[in-house]
Amino acid sequence: MRLCGACALMALLFVSSLDSSESYKTKVLPEKGLSVTVSSKQPGCVVCTISGVNDTQTSCQPSLNLVPEKEVKLLFNCSQPIEQSYNVAISRLIECTEKMCEPTMVEVQSSILSEFTRTFTWKLKAPEKTLVSLDVLGNGLTKTSQPCSDGKQYSVDTSETKKGEPVQYCRGGSETRLVLFNEGVVSLETKPNIKVESSLFQTSPGPMKKAMTVTIGPTSTVVLSRDLGQSECEVCVPGGASPDCSSTVKTLKSAEKLPLEFSCMKPQDVFSMTMATKLECTKSSCTPAGAEVDPELFRDFKKTMTWDISVPEMTTLTLDFPKDGLKEISASENCDDDFLYTVKHATSDGQMKTSSYCKGGTVSKLDLFGATTVTVEVPKEGELDRTVFSLKTAPIRVRSVSVTSDPNTHIIISRKAKEPDCAICVTEVSKKSCNSQTQRLKDPRNTSVNFTCPRPQDIFSVEINREIDCTETNCTGDTIHAETNFFPDFNRSFTWDIKVVSTRVFQLDFAETGLRQIPSEDTCPDDHTYSVIIYLRTGPANIGTFCKGGPVTTIQARHKGRVTLTVPGDAKVDPVDFKLNVGPVTEVAAIITVNLPRGVSDIDLLTPNYPRDFPDQQQMQWEFTIPSKHNYTVNFLKHSAPECLSGDVVVEYQKEDTKVTKLTLTDPQPREEQGSFKLVLKNCETNTTLTGLSLSYRVSLKRSGIPVLCTVDLTKHKAVSIEIEKVVSDPFCEMSMNNEVKEKIIVAKGTTAKLSFLDCPDDGFNLTARQDIECENVTSCPSTSLSVPTLDSCLLMPLQSVTWKVIIPTEAKLDLVSPTGSLRQSLPGLECDQSSSLHLASDEGFSIGDFCSDGVIQSIQVPTGVSVTATERDFSKSSMPLLNFTVSPKSTETMIYRIRPNMMSPTILVTPGWPEGMESLSIVSWIVDLPSQYKAYLQFPNVTQPDCAASQTLVDAKLLGGKEEIMSRKDTEKLESLWVRQSFYLNMSNCKPGSGMFKVKTTITLQKTTNLLAIILGLCGALLLLVLLLVVVCIVVRKKKSKIRSQASIYMGQGNIFRPNDQHFTKVRSDNDSHVYDSIDETMVYGHLLTNSIYNDSMQSPKTNHEESYKTFVGHIDRTVPVINEPDPEEGKGHYTLLDPSDALFQPRPRTPVLRQESLGFEDRRMQDNELHTFKSKGDINTIRLSAIDLEPEPEPPVLEENF
């Protein structure tokens, strides 16, 4: 009872756990022979068996093996989805004999646990050398590396012990049979709820056998050999009464589609294949022309293929290897990919030579001589190209070289490359000798050299040696040069062996180009390398290795030495000729003279044999020439000090007229000193078992002056660039940009440069500036003035010229106007002052001309961009713009001048570019504005016509605003003078000249016009106006006469004033002559003024008869009236009247004062203040001003045209 209670409690706990997770219950009955394993993939998931009465007993575990043919209830309990949490493995054994398998049909219990992922596995057990074929039922299989789309993935492993990856398959392919042997495995993995066909494969056992068909060429032999240690396998040639089989070696001759059978499935693991093929060549071809192989022949076997090639004598065999070429290796090396090429051939010496190669190199062709064997080793599963190599043969091309030289020249030809085979054959005096390594020509006066290969320059190098013996004073031939005509395409070494007496030195002068020392292992940029060796008692010593171009000008070496020039074959020989002389007696081993150049420089020098040891107890001397105004510094870069057995290592510095300075290798060396000096290095007796003396040092040179520094910053003027060119010939002057010495400095626009000027005058440079003005479109270009840009003030030299480059779009034009109002073109005889001249050129560089201000040109219209250059002026004194321009849309490709001719002198017009011709196919126009009442006379004193290759030249004129041409002349017609009476156009167009040029000079002379019709009409109008005026005057005068006659005036002294027409007169004036006087007694009028006057006696009464004379008034007056005696009238004059009737009618107009003294506002100072206003003195008028009104200035006299 207690046990039953416990079970009930466990069941209750189990049921409660099911409430919080997923569970699945099913019954399973595995078929006979099946091994079923259910396992969980997730932690916490279990599979349980249910048993007992009312399924009360459960047994749960992560994995469960089911018993075949026994039904079991399973309960799956997991917190995760059931179908994703379990795997089901179902396996079965297929047992086969040599005749049948059990089962014969591979079937699947498709209904078992289909809700889960299932893996069906079939393991094969078969006798040895038995194959089992599984024939696929239904759709075939296809190999894949991806999951199958139908959820059914097949996997095949031919052997369970094989370490390789199994092959994956999906349904829907062409493979219908799987071949397996003992321990092979086939599996099928299905996704949950995937239906599986019940029958998959049909089994059939059979003997283990692999068949193939091969084709072997007629000249080939194939040998199959079983590798040592491999399992037994027979190879058989079926046919006949019994097959021809062998388990060790099988030889196959030439055959077409020969069948083979192997008693193992992988014969490539057991056998190796060797094939030998014979190829025969003539002097011109080979049969076959290449080594051809079938890639399918014994595929995946390890193969060794050999081609034996027979070649006639004196025949070159060429092997061409396709694709990546070959790389030669030594006999001990191996190829990474196990492809090995071996070439064995006969040399010209009759010896056999073997060379090995790997794939992937630079050797693509081999030139061989004689019989050759080529062997290619192909690794297992290696693939070989169908054409291994191709063959070519040709007769040996012998290259012959004739050598003729003087007796002191020796030529040594030496081999430098191991391959290819080639011999040097020398024929001297009918005697021939051949050698494949070296030949020495001692006396090549008339020698023939033959090479048994087409390109001996790739194999041999040539040394051309000359021996020179010098006396105590001179050497034979003081100038030494290389014999460049010997073997021009070979690598050559020119050597000169020089010998002088033991106490003297031989001197080599390289004054023209100089030399520069380099380490012995380096090469020169031009591939011309010089070296100097001297022979001391202790052995040869390399003084140094040198290149062309440097400060070393002289090398002196004691007693005996060799000079060598090495030049490669592919370099053009350009040797330095040097002079050879006998030098002085000296104790030093060698002397090197160094002439350091002006400016900043460094030179590195090395001791003899560097980096090896400097010879014991020897001295080396360097002589340095230092230019004036320069400082030098000596720096020891690297040195090694020996162990001295006797003496010390000493560094001596010697200067003229100064004491010798002795230093050690570790002492501070001279710094910032001036003057030429000598450096002598003395070695001691050293311990040769230790490191000896070696020294590498540097001499640095710099100017001693203080440079003028200037930083030019053009970042603020992004369109401005400057150029500074040195024109001074002072060798001490030096300018640099960014620490680089230059003869010309260009500072690009928008950049910054650091300039330095050392020992230079301010006027020793040409400073020019350029400003680029770029216009992207017409609307974005405002009117612009060309002004001189402001440069950095540290530039002390004056600005020589400024160029403005104006760039405009193709659819725009430029209108150029002078700020002063007009321009004048500089012409011969009428040149502009250079200080105010502007040079104009088109954007293509064609010159338009030189212009200055104040001329007849009002504006210039250019259809393209221009460059404007101003030169030879003091730009610092003027900040005014030099030229104005505007950009506007283009309407024509014509250059247009608008001019206003000079009225005083002829105006000269010339075509652009004068005195050169116009630009090809260009057009120029002048708009000539004539002043009013002027006409122009056009003349063409200078016309040059070209020979036109296309089109023709044309000169035409048209009135401004008119359509008709007043003149048109082509290149074949003469230009004649003409008059133009109003403003006009003058156009000229050029052709495309074949030769010559088109240029025209035009003069315009103005003349004032005379209009006769206007003059005549004016005269007629004036006469008519005069007549009318006379008529009017006559009428007015007549009316005045009639009025005057009816009036009279009478003087009444102290009486009443009356009018003659007053009604008090009883007498009518028209009836009598009472108003007519014969004379007037002035004493009656002015008598009271003449008392005691000087005029009293001079006045006499005239004795005339008159009709009505004036009687003296006898009435009362204020004072006594003086008696005035009137003089007698003169004879012939008759009587005087008070007023003549004619004068009364025609009274003259009162005279208008012309001068100021005649005006009422002035009074003469000479006049007395009396009633007569007499003058108190004579003399000039002396006026005083009476009026207070401001006077207007006196008008100047009018300027008339007759005054010009």
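Residues are numbered from 1 along each chain as its sequence is written. In this predicted model, local features need pLDDT of at least 70, side-chain atom pairs count only at pLDDT 80 or more, and totals for chains, interfaces and linings use all residues.

Strands are DSSP runs (E, at least two residues) numbered from the N terminus, and two strands pair if DSSP finds at least two bridges between them.

**Sheet with strand 26 at an edge**

Four strands, in the order 26-34-28-32, make up an open sheet with antiparallel pairing. Its edges are formed by strand 26 (290-292) and strand 32 (365-369), each of which pairs on one side only. On average, neighbouring strands here are turned by 20° against each other, direction ignored; the axes behind this angle are lines fitted to C-alpha atoms, and angles run from 0 to 180 degrees between N-to-C directions. Within the sheet, Asp320 has Ser390 of strand 34 as its bridge partner.

**Sheet with strand 61 at an edge**

The order 61-66-63-64 describes an open sheet of 4 strands, again with antiparallel pairing. Strand 61 (708-713) and strand 64 (740-742) are the edge strands, and each pairs on one side only. Thr711 has its bridge partner, Lys754, in strand 66.

| Strand pair | Residues given | Sense | Bridges |
|---|---|---|---|
| Strand 28 and strand 34 | 315-320 and 387-395 | antiparallel | 6 bridges |
| Strand 61 and strand 66 | 752-758 (strand 66) | antiparallel | 6 bridges |

Notes:
Heavy atoms only, no water.
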